[in-house]
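Okay, thanks everyone for coming.

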Amino acid sequence: MVSYKDLGLVNSRELFKKAINGGYAIPAFNFNNMEQMQAIIQACVETKSPVILQVSSGARKYANQTILRYMAQGGVEYAKELGCQIPIVLHLDHGDTFELCKSCIEYGFSSVMIDGSSKPYDENVELTRKVVEYAHKYDVTVEGELGVLAGVEDDVKAESHTYTRPEEVEDFVSKTGVDSLAISIGTSHGAYKFKPGQKPEIRLDILHEIEKRIPGFPIVLHGSSSVPQDIVAEINHYGGHLKDSIGIPEDQLREAAKSAVCKINIDSDGRLAMTAAIRKVFVEHPEEFDPRKYLGPAREKLKELYKHKIYDVLGSNDKM
């Protein structure tokens, strides 16, 4: 058993309180390799933003749970080296079993998500409550989910979208004891969210109704990448073949961040940014074979993207 506190990490409880009161959202950026982690820490140090380092079950399989734990601990020390001891959470994204959540807690995660949203309501309640009871023994915070997001991201797949029902949230929070709640109000997983011509719209009316029923309770948005069209165009210019797609408008996310939404997950935009930078190097310097020469520019582009998200979308700069 490894305590996240010994790794220099924090849980999300106090960060969420400050975010709700301050009208901003904490960035939740996924990582599974060194360059991603470096870019996240650099961006958050340079903007003085707290951050949630997210690990999906797929990332855990890819990078190894032990390595990820030490990478998160290294991120804490790296931030200090860069001159700013920002608050850092290590969070399991879309845990789907009690056993996975338990294992992550024992490996030093300070926060876990148990996603029982695909199950019948009562089963979701029971599974979430079980994880909460175990996690809270170790002061680990827990995120639950109501509603289903369409799209594909790692091991998470759903063809249809089911909005969160406001009439269920109070009962769910009361019965489970979760610390935050992921809701479905129009966001979508993956890079292929909506086709050009469609008008993606976050259902702020559902969000506001949920806020009325559980006032001051931390709300989470998944699938909140915006699929920047300039980055998609750059990928395709340098030999990519991405289908036409658009994401969640950033002005809508900024509006949501001013409410009880205090954690916004962004993953696909980062993948797109890194891919664009790598493709550019491969086309302009086809002789290059040193991974540092293409992963370095990818890291820099990712850092700049995340700084933009922090300043212009989340509003979490200078909130450490």
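I'll start with the barrel and then move on to the helix.

Just so we're clear, this is a predicted model. What you're looking at is a closed barrel of eight strands, running E1-E2-E3-E4-E5-E8-E9-E10 with parallel pairing. From one strand to the next, the twist averages 25°. Zoom in on E4 and E5: they pair in the parallel sense over three bridges, and Met113 stands opposite Glu143 in E5.

Now H6, residues 121-136. That's 16 residues, reaching 22 Å from first C-alpha to last, close to the 22 Å expected at 1.5 Å a residue. So which residues of H6 are buried? They're Asn124, Val125, Leu127, Thr128, Val131, Val132, Tyr134 and Ala135. And what do they pack against? Helix H5, strand E4, strand E5 and helix H7.

Let's stay with H7. Two packed helices are described by the angle between their axes and the distance between the axes. Here H6 and H7 pack at about 35°, axes 8 Å apart, and H6 passes H7 in a right-handed crossing. From H6, the contact is made by Tyr121, Asn124, Val125, Thr128, Arg129 and Val132; from H7, by Glu168, Asp171, Phe172, Lys175 and Thr176. By class, that's four nonpolar, three polar and four charged residues.

Methods
Residues numbered from 1 in each chain as written. Predicted model: local features only at pLDDT ≥ 70, side-chain atom pairs only at ≥ 80, totals over all residues. Heavy atoms only, no water. Helix = DSSP H or I, 4+ residues; strand = E, 2+ residues; numbered from the N terminus. Expected span 1.5 Å × (residues − 1). Buried < 20%, exposed > 50% of the residue type's maximum accessible area, 1.4 Å probe, protein only. Contact = heavy atoms within 4.5 Å. Axes fitted to C-alpha atoms, helices over the stretch in contact; angles between N-to-C directions. Left-handed = near helix turned anticlockwise from the far one by under 90°. Nonpolar A, V, L, I, M, F, W, Y, C, P; charged D, E, K, R; others polar. Pairing = 2+ DSSP bridges.
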